[in-house]
Amino acid sequence: MDLDAPTRFGELDSDGMIERIGELPQQCLAAWTLAQELELPPPYRAVQHVVVLGMGGSAIGGTLLQGLVAGECAVPVTVVRGYVPPAFVHGPGCLVVACSYSGNTEETLSALNAALEQGVLPVAVTTGGALASLAQERGIPLLHFDYSSQPRAALGYSFTLLLGLLHRVGLVRDYSTHVEEAARVMTQWQARIEPQVPTARNAAKALAGRLVGRLPVVYGAGFLAAVANRWKTQFNENSKHWAFFEQLPELHHNAVVGLGIPRSVREQAFVLMLRSDLDHPRVQVRWDVTQELFSREGVEAETLEGRGESPLAHMLSLIHFGDYVSYYLAMRNSVDPTPVETIAFLKKRLAEVGPAEA
Ligand code: F6R
């Protein structure tokens, strides 16, 4: 697919993924407002630990939240991707937020049921399914949102609703101005990377073109590590493309030693360094040294910088840019960005074997 023939994108993009990507700023604003309307009983003002349960596109919001609030939230934020919550998930000081776009993800439902037996303070975040029914039956506070898309395309909800919830329970400040700034910054950048902007002036299309046939390895540090994770999963699910992510400074203690072998991988790898001028000062030095190392080793790498003032704007601007890159790579890979047939196959096979133990 020629990236400069956007009127033809619909031939591959059967379900309008490009519109969903374009709506991320509005999603964030709508989600923030929705979270502020949630009524919670008094015990929710005495939370000692936040645990987010979810998988895939519904878990990444929790990991982004963890990175964003690490320097501010006085209690731990843990993300559980699996069937069984750790033993510390118990008692009325533990806020357990079950996030599932569909409401039917078996790992999330199983972990929530196990947590409920431990007397936690639950909240459900979903568009419906079994999770919404369980919330109604058990009187669990429900953040219900309506947005028709793939779960990963509802990130504005899954991330910002969690942030709004943490504000509602008194664990983080009022992020209204940051959410507004992030939406503004995303919208400004979007005007330069939308489909109608030709590759010669469109950095997202140009980057996607350079990634064709390559292995993207996305690096991020601190609050941008989860953004690197998001880029990786968007390459997987939208572009149907292998991708990995690594975190700085940890990667300086292992990954950099393994750049040489297999040689074919080194030649195919394309490192994307997600940076911010808000990164820790020593991390900024490490980024520069990493670039030097790659030049010496002949590893191709490119740096992308977060935009705006607030950490939230840096995160969301890079997420939005990455979503566009993954979309353009899908077009170049001649694949429909929306369906995730392999995930559907796995869920179906598991269901055939029998229901998960609650
Ligand atoms: C699909 C996607 C997946 C799902 C995951 C969990 O777009 O991103 O990673 O998010 O299979 O499903 P939900 O989100 O319905 O709980």
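## The ligand shell

By class, four nonpolar, seven polar and three charged residues form the shell around the ligand. Ala, Val, Leu, Ile, Met, Phe, Trp, Tyr, Cys and Pro count as nonpolar; Asp, Glu, Lys and Arg count as charged; the others, Gly among them, count as polar. The model is predicted: local features need pLDDT of at least 70, side-chain atom pairs count only at pLDDT 80 or more, and totals for chains, interfaces and linings use all residues. Residues are numbered from 1 along each chain as its sequence is written, and side-chain values use heavy atoms, with hydrogens and water left out.

In total, 14 residues surround the ligand. A residue is near a molecule if one of its heavy atoms lies within 4 Å of it. The closest are Ser-58, Ser-100, Ser-102, Thr-105 and Arg-152.

## Polar contacts and burial

Which side chains reach oxygen atoms of the ligand? Ser-102 places a polar side-chain atom 2.7 Å from a ligand oxygen. Arg-152 also has a polar side-chain atom 2.7 Å from an oxygen of the ligand. For Glu-237, an N or O atom of the side chain is 2.9 Å from a ligand oxygen. Here a polar contact is a pair of N or O atoms within 3.5 Å.

Taken alone, the ligand exposes 400 Å², and the protein buries 94% of that. Accessible areas come from the Shrake-Rupley method with a 1.4 Å probe.

## The largest pocket

The ligand sits in the largest pocket. Sitting there requires more than half of its atoms to lie within 2 Å of the pocket's grid points. On a 1 Å grid over the protein atoms alone, a pocket is an open set of points with protein on both sides within 12 Å along at least five of seven lines; a cavity is a set where a 1.4 Å probe fits but cannot get out; lining residues have an atom within 4 Å of a point.

This pocket has a volume of about 1,200 Å³. A volume is the space filled by probe spheres set on the points, which are joined across faces, edges and corners. Its lining has 39 residues, with Gly-56, Glu-237, Val-340, Ile-343 and Lys-347 nearest the centre. Helix H13 (341–353) gives the most, with nine residues. The lining counts 13 nonpolar, 14 polar and 12 charged residues.

## The second largest pocket

The second largest pocket has a volume of about 280 Å³. It is lined by 15 residues; Val-217, Gly-258, Leu-259, Val-265 and Ala-269 lie nearest its centre. By class, 12 are nonpolar, one is polar and two are charged.

Strand E6 (215–221) supplies the largest share, three residues.

## Cavities

How many cavities of 30 Å³ or more does a search of the whole structure find? There are two. Of its 13 lining residues, Ile-21, Arg-152, Ala-153, Arg-230 and Asp-323 lie nearest its centre. Helices H1 (17–22), H2 (24–36) and H9 (225–237) each give two or more residues to this lining. H1 gives the most, with three. The lining divides into six nonpolar, three polar and four charged residues.

The second largest cavity has a volume of about 50 Å³. Among its lining residues are Ser-58, Ser-100, Tyr-101 and Phe-145. Six of the lining residues are nonpolar, four are polar and none is charged.

Notes:
A polar contact is a pair of N or O atoms within 3.5 Å; within protein, one must be able to donate a hydrogen and the other to accept it, and residues adjacent in sequence count only if both atoms are side-chain atoms. Helices (H or I, at least four residues) and strands (E, at least two) are DSSP runs, numbered from the N terminus.
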